[in-house]
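Subject: A structure for you to look at

Hi there,

Here is the structure I promised to pass on to you. Please open it beside this email, and then read on for what turned up in it.

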Amino acid sequence: MIGIGYRKDFSDAFLESSILKPDFIEVAPENWMEIGGFWKQQLKKAVERYPLFCHGLSLSVGSLEGIDIGFVKKVKQFLEDFQVSVYSEHLTFSKVDNAHLYDLLPIPFTQDAINRVVENIKQVQDLLGRRLILENGSYYTVLKAEMSEEDFINEIVKRSDCELLLDVNNVYVNAFNHRYNAKNFITKMPLDRVKYIHMAGHLKVNENLIIDTHGSKIIDPVYELFEFTMRKLKRDIPVLLERDFNIPELSILQAEIDALRKIKKNALKKSKNVALPN
Ligand SMILES: [Fe+2]
């Protein structure tokens, strides 16, 4: 399955034509769960045609003060109302002392942070009655790290029994900015726990910095990393095309969906026959 982030910017064109044909759509529940009127109708029309996945923005599993239980209950209701099978979030924090920071900030790679995050994840999973699927974020500064990001993620997944959303573009962005090998990083992820993949474009600011903007087309090296990931995974899982800004013609988005579908199919075919070097 290849899906697309369903945006209000293109919902009319999307619903009125069949140019864009994803296998599912993804929304941030926060943007749709307490609405009525026109936009609720637009969501209902979309859900009649496509399965709905949810990707949250404000759970903030990295917050020291713990989880907002009232918020999780609202998300749970939305997931039930729209029969959402896949609910993912970010392995980041966006809230401090109840102040929303409106950004997805990196959690320091420390043992103290792991202990707190694991408790938060377990609490959310108990409330929701399902495993959380958490996304590896992009970050531009490493905060007080006591360990590698790979060890940090592996320990959280193991202790909380959560699952992973592997954002391949985020791996590429971090590997470029922090000068490490993206393929090595992917190889060290708990690949048996990866349930979902994100793919997106980014912005190259200069020779030393790229930013995860979701505002341009996917570049070839990120497609290549996606191919590598699918060959390592050796199984079919859903993939989302994220495009949040500079939305192009729907036919251009469809061409990216077609490219992802083709790469995934070929990679899985190859993975059955050929051992892959690290
Ligand atoms: Fe993502």
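Let's start with a pair of helices: Y223, F226, E227, M230 and R231 in α8 meet E256, A259, L260, I263, K264, A267, L268, K270 and S271 in α9. Contact here means heavy atoms within 4.5 Å. Before going further, please note that this is a predicted model, in which local features need pLDDT of at least 70 and side-chain atom pairs count only at pLDDT 80 or more, while totals for chains, interfaces and linings use all residues. Residues are numbered from 1 along each chain as its sequence is written, and side-chain values use heavy atoms, with hydrogens and water left out.

**Helices that pack together**

Helices (H or I, at least four residues) and strands (E, at least two) are DSSP runs, numbered from the N terminus. Back to our pair: α8 and α9 (residues 250-273) pack at about 40°, and their axes are 8 Å apart. An axis is a line fitted to C-alpha atoms, for helices over the stretch in contact, and angles run from 0 to 180 degrees between N-to-C directions. The two helices are therefore oblique to each other. The scheme is that angles under 35 degrees count as roughly parallel, over 145 as roughly antiparallel, 65 to 115 as roughly perpendicular and the rest as oblique. The contact of α8 with α9 has eight nonpolar, one polar and five charged residues. For these classes, Ala, Val, Leu, Ile, Met, Phe, Trp, Tyr, Cys and Pro count as nonpolar, Asp, Glu, Lys and Arg as charged, and the others, Gly among them, as polar.

Helix α8 (residues 220-233) also packs with α6 (residues 168-178), at an angle of about 120° and with the axes 9 Å apart. That makes α6 oblique to α8. On the α6 side the contact is made by V168, N169, V171 and Y172, and on the α8 side by P221, V222, L225, F226 and T229. By class, this contact of α6 with α8 has seven nonpolar, two polar and no charged residues. The crossing is right-handed.

Have a look at Y172, which sits in helix α6. Which residues does Y172 contact, leaving aside its neighbours within four places in sequence? They are H202, I210, I219, P221, V222 and L225. Y172 is also 34 residues from S138 in sequence, with 9.1 Å between their C-alpha atoms in space.

A further pair is α3 (residues 69-81) and α4, whose axes come within 10 Å and cross at roughly 45°. These two are therefore oblique to each other. From α3, I69, V72, K73, K76 and L79 make the contact, and from α4, Q123, V124, L127 and L128. That contact has six nonpolar, one polar and two charged residues.

**Pockets and a cavity**

Both terms come from a 1 Å grid over the protein atoms alone: a cavity is a set of points where a 1.4 Å probe fits but cannot get out, a pocket is an open set with protein on both sides within 12 Å along at least five of seven lines, and lining residues have an atom within 4 Å of a point. Grid points are joined across faces, edges and corners, and a volume is the space filled by probe spheres set on the points.

The largest pocket holds about 1,100 Å³ of space. It is lined by 42 residues, and L57, H90, L104, H214 and D244 are the closest to its centre. Which strand gives the most to this lining? β6 does, with five residues. By class, the lining of the largest pocket has 15 nonpolar, 14 polar and 13 charged residues.

The second largest pocket has a volume of about 320 Å³. Its lining has 18 residues, with G62, L64, I107, P108 and A113 nearest the centre. Here α4 (111-128) and β5 each supply at least two residues, and α4 gives the most, with five.

Finally, there is one cavity of 30 Å³ or more. The largest cavity has about 80 Å³ of space, and its lining includes L91, F109, S138, Y139 and F152. That lining divides into seven nonpolar, four polar and one charged.

Happy exploring!

Technical notes:
A crossing is left-handed if the near helix is turned anticlockwise from the far one by less than a right angle, and right-handed if clockwise.
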